[in-house]
Amino acid sequence: MNIAVLLSMVPDLVEELEIAPSGVALDTQWLRYLLSESDDHALEQALLLKERYGGKVTALALDRGEAEEALYTALARGADEAVKLTGIPEEGWGKRAAAAVVGAVLKESAPDLILTGVQAIDDMDGHMAGALAGILGLPFVGVTRSVDAPGAGKVLVQKEYPGGMAAEIEVDLPAVIGVLSAPQPPRYVPVARIREARKTRTISEREAPSVAAPEGLVIRRLFKPEPAERAEMLDGTPEEMARQIVTILENRGLVR
Amino acid sequence: MCGGSCPLAFAMEYTPRHSIYLLKEGLLDQVLKSNTLWLCVSCYNCTSRCPSGLKITDVLFPALRDAAMSAGHTLPAEFKKALDNTYRYGNSFGEAPRKRMDWARGAGVPVPIISQLKRPVEALWLVECYPAYHPRNQLQAQAMARVLHSMGVDFAVLGPEERCVGDCERLSGEAGLFESLVEKNIALFDKYEYDEIVTADPHAFNSLTRIYPDATGRQFPVRHYVEFLAARMDALRPLLGNRIEARVTYHDNCCLGRMSGLYESPRELLRAIPGISLVEMPFTRENALCCGGGGGGMWLDTVIWQAAHERLSDRRVAHALSTGADILAVSCPFEASRFEDALKSTGNEGKIVVKDIVELLDESAGTRGGMPA
C-alpha cells in the first residue's frame, strides 16, 4: 500500500504571537514553525501500517519554516520518501488554496491512502483533510484514533464522536483520513538518526503547481484576545477560602 | 559492588551487576525490557567503587538507553519531551531561547551579555538551563550575579545564545543530541574571549571537564563556582558582613564530589560566613546519597516513583534532618527544588531551609538584604 502523509508546519507557540503591521497576518520575524501535533500522529499511524502490512510511506510538506527538519525526521523515523513543495508565497496560503495545490500533486502520484492531521492550531475547524478529499473526489473520515488495513482495497478506521462514542467504519481505498491520534504516541527518534538522514537521504523538491485556488474567507483584521473580566482573588485561611468558594458556587446555582 | 552500591538497585528488575551478566550472555533484549535502564540517576556510586574500573554510569547505562531508543521502545513521556525540547530549543523546559535572560531582571545588578560587550572578559559564566528558567533556581542565579558583581569580577553571560551543555542528555543515552550540543557549544565558546568559564551547574562542569575534552581533544578552562569563589577568598571574605546564626549541613553532590573530589571548597565557603556552624550529615563526601536528579533523573521521577515508591531526595532530606541543622546547603541547581519538594512530600516542610551556598554568601554579603529563617 502506498501511503502519503501530509505534514503541515504551524506556528510554535513558545514565542509570543505578534500581529504584523498589515494587521491581517502574524508577524513572522520571530516566528518558528513546528510540525502540527495531529500530523505527527498521522505519520506514526502511517509507519505502524507500513510495519504491519508493508508498503511505502511518502511524507509531503509545503516549504514553510522548518519543514525540511520535519521531513528529515520523518525519513529518520521510517518514511521511505520525502517531498517538499516549494514556491510557497511569503504570506502562505489559506487552507483551501493549500489543499488545492496538494490535491493537484496527490492526483498525479495517486497513493492508496492519504493521511493527515484532522486539525491544526491554524486550522481548528479542520478544513484541510476534508477539502483535500473533496478536491480528489475521495471518501473521507475524520477524527480517527486508529487505522487498520486487514483486507485488500479498504481500511478499517475507528472514529471518535462526542460523548465518548466511537464507530468502526470500513472505508474503500483510495481515501483520505483525518487522524486525531495514532494508537500509540509518536515514536522518539534518536538525534543521531536525524543527523544521519541529513547526510545520507535526500528530500525531493517540487515546485508547487499553480492551480486556481477557490475563493475562501478574506481576513480583514486579526485581533489579540481581549482580556476578559479580571479574576477575583480570594484570601484568608484555607477554611475561609473554602467557605467563600462554596458561597460563590451556591450564588451561581452551581451547587444545591 | 555495583549492585550493592546502587541506591535504587532494590527497585530494579536487574541490578547493574545482574544486568552486566545478562549482557555477557547476549540477553540484551531482556535487559532493555526491564525497568533497570530507567532507574539510573547517574550518581556514579557504582563507577567510583567498581574494582574493575567499569564505566557503568558514563558508558553502560547510556548505551542501554541508546539501544532502547534505537529499537523504538516507547520512552517515558516526560523523558521524551525533555529530549525533544533540548533538541529543538536548547533547553529541556521547552522555553524560548529569547527568554533565557528573563531571570536577570530580578538580579538587581547588571548582567552583561558577552556579544554586546564586544570585549574579552575575565569570566564567562555559563548560567545553564535550570538557573535560567526554573523559578526556584532563578533565585540562585540572581544571588550569583550579585555576589560576582560585588566582588568586582569582570564577568559576562552568553544570554539567548546559550544552550544546554548536555550532561543529562548524554547520560540519558542521547549520543546524537549530545554530539550536536557539543558542536554548537564549542563554536560558541570559540566565538568569544575570556580567561575562564565558571558555572553553578555541577553537571555542566562534569561534561566540560571530562567529556568535552574526550570528544574534541581540547581542554576547557572551566570551574564550578565553589572553586572559583574559594580561590578569591580575599575578595569575598571582607564582603561577608552579616552574621547568619545557623547550624548548616552541606550535601555533597555527585558531580563535584565523587567525580571531581571537590569536598573542601564548598565547606570553606560556608565556614567563611560569620555565625555559621557546619555539621556533617550521615553519608558525606564520596559516600553522599544522590538527590536523584542527574542523568535524566529530573525527567524520570514518575517512573522511579512507580518502581521505588520513594525518591532519593526524600531519603536525603531525612539525613539532613537527623543533624538538627537549620539550613541544608547545596551547590547544584537540581537540589534546591528537589529537596524543598521532598521536605513537603515527607511532611517536613519548614523543619529545615534549603539554600544554595551562593544564596547564603549573598545574604551574608547583604547584597540582597534580609536574613535567613
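**Exercise 1.** Find which residues A:Ala59 touches, leaving out those up to four places away in sequence.

*Solution.* Take contact as C-beta atoms, placed from the backbone, lying within 7 Å. With that rule, A:Ala59 touches A:Val5, A:Leu7, A:Leu43, A:Leu71, A:Ala74, A:Ala79 and A:Ala82. Next, look at the largest nonpolar core, which has 175 residues. Such a core is a set of buried Ala, Val, Leu, Ile, Met, Phe, Trp, Tyr and Cys residues joined through C-beta atoms within 7 Å. A:Ala59 is among those with the most contacts inside it, together with A:Val5, A:Leu7, A:Leu71 and A:Leu132.

A word on the model: it is predicted, so local features need pLDDT of at least 70 and side-chain atom pairs 80 or more, while totals for chains, interfaces and linings use all residues. Residues are numbered from 1 along each chain as its sequence is written, and chains are lettered from A and ligands numbered from 1 in the order written.

**Exercise 2.** Check the span of helix α1 (residues 37–53) of chain A.

*Solution.* Helices are DSSP runs (H or I, at least four residues), numbered from the N terminus. The expected span is 1.5 Å times one less than the number of residues, so the 17 residues of α1 should span 24 Å. The end C-alpha atoms are 25 Å apart, which agrees. After the helix comes A:Gly54, with a positive phi near 80 degrees.

**Exercise 3.** Is B:Lys118 buried or exposed?

*Solution.* Count other C-beta atoms within 10 Å: 20 or more means buried, 12 or fewer exposed, in between partly exposed, with C-beta atoms placed from the backbone. B:Lys118 has 7 such neighbours, so it counts as exposed.

Terms used:
Contact = placed C-beta atoms within 7 Å. Helix = DSSP H or I, 4+ residues; strand = E, 2+ residues; numbered from the N terminus.
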